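Grab a pencil and work through these exercises with the structure open beside you. Try each task yourself before you read its solution.

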Amino acid sequence: MERTSFDIVVVGGGAAGLRTAIAAAEADPELTIALVSKVYPMRSHTVSAEGGTAAVLRDYDSFELHALDTIKGSDFLADQDAVEFFVARCPEEIIRLEHWGCPWSRDEDGRVSQRAFGGMSVKRTVYAADKVGFHILHTLFQTSMKYDRIHRFDEYFVTSLIVDGGACAGVVAMNLRGGTMVAIQGKATILATGGCGRVYEFTTNGFIKTGDGMALAYRAGVPLKDMEMVQFHPTCLPGTGILITEAARGEGGYLVNKDGERYMQRYLPSKMELGPRDILSRAMIQEMKAGRAFEGPYGLYMGLDLRHLGAKKINERIPMVRELVEKYMGLDPIHELIPVRPGQHYIMGGVSTNGKGETTLPGLYAVGETACVSINGANRLGSNSLSECLVFGAACGLAAAGFAKKKASYPRGAAAREALKKEEARVFDGVLGRERAKETVAGLRVEMQQLMERDVGIFREESALADACGMLGKMRDRFAAVGLADKDRVFNTELTAVLELDFMLDVALAIAHSARNRRESRGAHSRTDFPQRDDANYLKHTLAFRTDGPPRIDYVPVTVTKWQPVERKY
Amino acid sequence: MAASDVVFRVKRYRPESGGRPTFQEYTIPYRNDMVVLDGLNYIKDHIDPTLTFRWSCRMGICGSCGADVNGQPRLTCGTYIRDVHKGAVTVEPLSNFPILKDLVVDFDDFLRKLASVTPYIVRKDWGDLTKEYVQYPEDVEAYRQQSLCINCMLCYAACPVFGSSPEFVGPAASALALRYNRDTRDEGADARLARLNTRTGVWECTFVGECSVVCPKDVDPAAAIQTLKFLATMRHMRRLLMPGSSSR
């Protein structure tokens, strides 16, 4: 009989989840930890992060400067106390990873190298060539094998939280291989399931990024914060959406239009290609609208020019860029322009937490892209997200360990048995029992993705947002008619896709309504009908609460410590 | 991009329906920029939602989507239909692993083997936790190649030794053991070599070399295993000549 009660249950096996689990294991040798993931942990989407992870490591840099860059990048929507906490802990986390064997690229003197990145005013981004996420993930996963007390539940899909007496008491999960539901009880539960990029049609995110943790918390009454803040990365390969790292520009790459002009001189002459992602993505769309884009089989695109960098630099610093462009575009960036266009990449918003990962539900935590602390505000700077997973993973692991230690007994079984029964009925008798008819998971999913792309994309305005809110509400209703052809219990990926779509519809509704309610432009949220930032009315975080109808929107103030909001000028 | 059709012959196995694995054919519209994974997703979304396979990143780094394509272990996201299409494309689950359903196989055995080679830095004294350890570019270069393993399991599917002796530690776990042994920050080489010098260790390998042929990341596990055989021998000799000494 497999153990099903733990001190700590971590949902998600990427950088944030693994860092949390290791921190909890190190905090107390008595604690038992469950690591529950819908994929083998090394498949987690952290693996696709490319360019680097930020930390102040050299004399030319300072915490003050990292904090200011982050806050300015966030268009002053970040909580400044959280940012100060964050920047001060990035160095120790980078060194921690270094001690655990992460193959950081090195300078000639044997020290960890750092490169330039968008919106960072000095070279601050630590890297391992351009496979940074891959190396961080495998280093953390392999290091986690040191701890027998980290008990993995690989390929278990969490369908619901167990809430008992106003506190979270673990999760109900579907064992994909066994085709059964299990209750995994925990004194503390941490959601670390990453982002929700698959809500959009054109995204750098992997297929597994379906906002599971956000929807799980949202359904348990926890608000989602700043969900309108969606990041579009300027350099994605047309067709597939595969990411070409910002490091390509950090190492000196140019963005050019069809006339060969470095068009960023028109939009951001002080930073050029190393501006923040929100500004670069908007500039790209404006160039396209001005008729200065290339046209290809997958629509308009711009050129990323690395030719002047030379073969040696490309092969040493950004080998994966070359590998990806050769494989997926049939082009060699040493000799040819890389076609790029903006695509959904990250969400600044997420489960509302404080700096320890605590949510409004006692015993429930969130961390990484799933969470919104917020250090990223309205626009995240490249290379702050991996550091965020590490810093807040460590903080959250410690906090959860302390919380679990204080609770003498495991959650009582009654609530778990009840939740399990409910989920068995909902998923196996309900969803799985629905006969396949007109509505299919693939059909409804692509409709939602195209709607979000069209109406809740880089530029937004009232009529499109109103349309999106209305259409998503209808899709929410139509979801009840989605039937399944696969009736098996074992590894039913049609069933998991339906449950994921269910989560994504909740998340999409929160994004669209939060965007419609913020009648200003700030960071990545760009309203053509309200082009100015409006601090008088909107220097605050959006909170979306789930109801039986549309989400209820509320606001809470932003924490300002020493950087008074000023116009965001570069 | 000319539209035409291509036939996918996909091996199906559904444990709840009983019976042996069978092939099912699907005809799908084809463009010359489609990879095998695109074909599988077309089938899943438009023809047969019961077809079961794993995938995520679709950029050759998460290691989820391996399958035997026309008899060769490959990442389906990195294999263009145009390169393998000879009338039909045959897709089967990776060889040598227990099949869970259709193209989904069980890798748990690999994770136990990976854990058995101590795949993390081992040190007696971690020193100053606030300071990075010095490692020169050439030190990183010494283990970089082995550190690129994405655990996609193509090497195990290609390995005839693993096919006939499933206890064999295998190519990827061996390469990762060498990765840590070559890391200047590590002090765990001796224990890893001891593990690899057992009945299920590197001596099982007969140097067929197929693992390195199919590796999508040029990790070259075959060479790693030969190096480990040499290091294990050196360790054995040293222990005979200098009892109590340890490998570095």
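**Exercise 1: a residue in a loop**

Task: find where D220(B) sits in chain B, and decide whether D220(B) is buried or exposed.

Solution. Start with the place: D220(B) is in the loop between α9 (210–214) and α10 (221–241) of chain B. Helices here are DSSP runs of H or I with at least four residues, strands are runs of E with at least two, and both are numbered from the N terminus. Before going on, note that this is a predicted model, where local features need pLDDT of at least 70, side-chain atom pairs count only at pLDDT 80 or more, and totals for chains, interfaces and linings use all residues. Residues are numbered from 1 along each chain as its sequence is written, while chains are lettered from A and ligands numbered from 1 in the order in which they are written.

Next, count neighbours. A residue is buried if 20 or more other C-beta atoms lie within 10 Å of its own, exposed if 12 or fewer, and partly exposed in between, with C-beta atoms placed from the backbone. D220(B) counts as buried because it has 21 C-beta neighbours inside 10 Å.

Now look for partners. Two residues are in contact if their C-beta atoms, placed from the backbone, lie within 7 Å. Setting aside neighbours within four places in sequence, D220(B) is in contact with Q145(B), S212(B) and C215(B).

**Exercise 2: a helix on the inside**

Task: work out how many residues of helix α7 (residues 171–181) of chain B are buried, and which helices they pack against.

Solution. Go along the helix: 11 of the 11 residues are buried, so α7(B) is largely enclosed by the rest of the structure. Among them are P171(B), L176(B), R179(B) and N181(B). Then look around the helix: the buried residues of α7(B) pack against α3 (108–116), α4 (137–147), α5 (154–158), α8 (189–196), α9 and α10 of chain B.

Finish with chain B as a whole. Its secondary structure comes to 10 helices and seven strands, and buried residues make up 49% of its 248 residues. The C-alpha atoms of chain B fill a box of roughly 65 × 40 × 30 Å along the principal axes.

**Exercise 3: two helices against α15(A)**

Task: describe how α14(A) and α5(A) each pack on α15(A).

Solution. Take helix α14 (residues 462–478) of chain A: it packs on α15(A) at an angle of about 155°, with the axes 9 Å apart. Axes are lines fitted to C-alpha atoms, for helices over the stretch in contact, and angles run from 0 to 180 degrees between N-to-C directions. Angles under 35 degrees count as roughly parallel, over 145 as roughly antiparallel, 65 to 115 as roughly perpendicular and the rest as oblique. So α14(A) is roughly antiparallel to α15(A).

Helix α5 (residues 212–219) of chain A and α15(A) pack at about 75°, with their axes 9 Å apart. That makes α5(A) roughly perpendicular to α15(A). At this contact, D212(A), M214(A), A215(A) and Y218(A) in α5(A) meet E500(A), F503(A), D506(A), V507(A) and A510(A) in α15(A).
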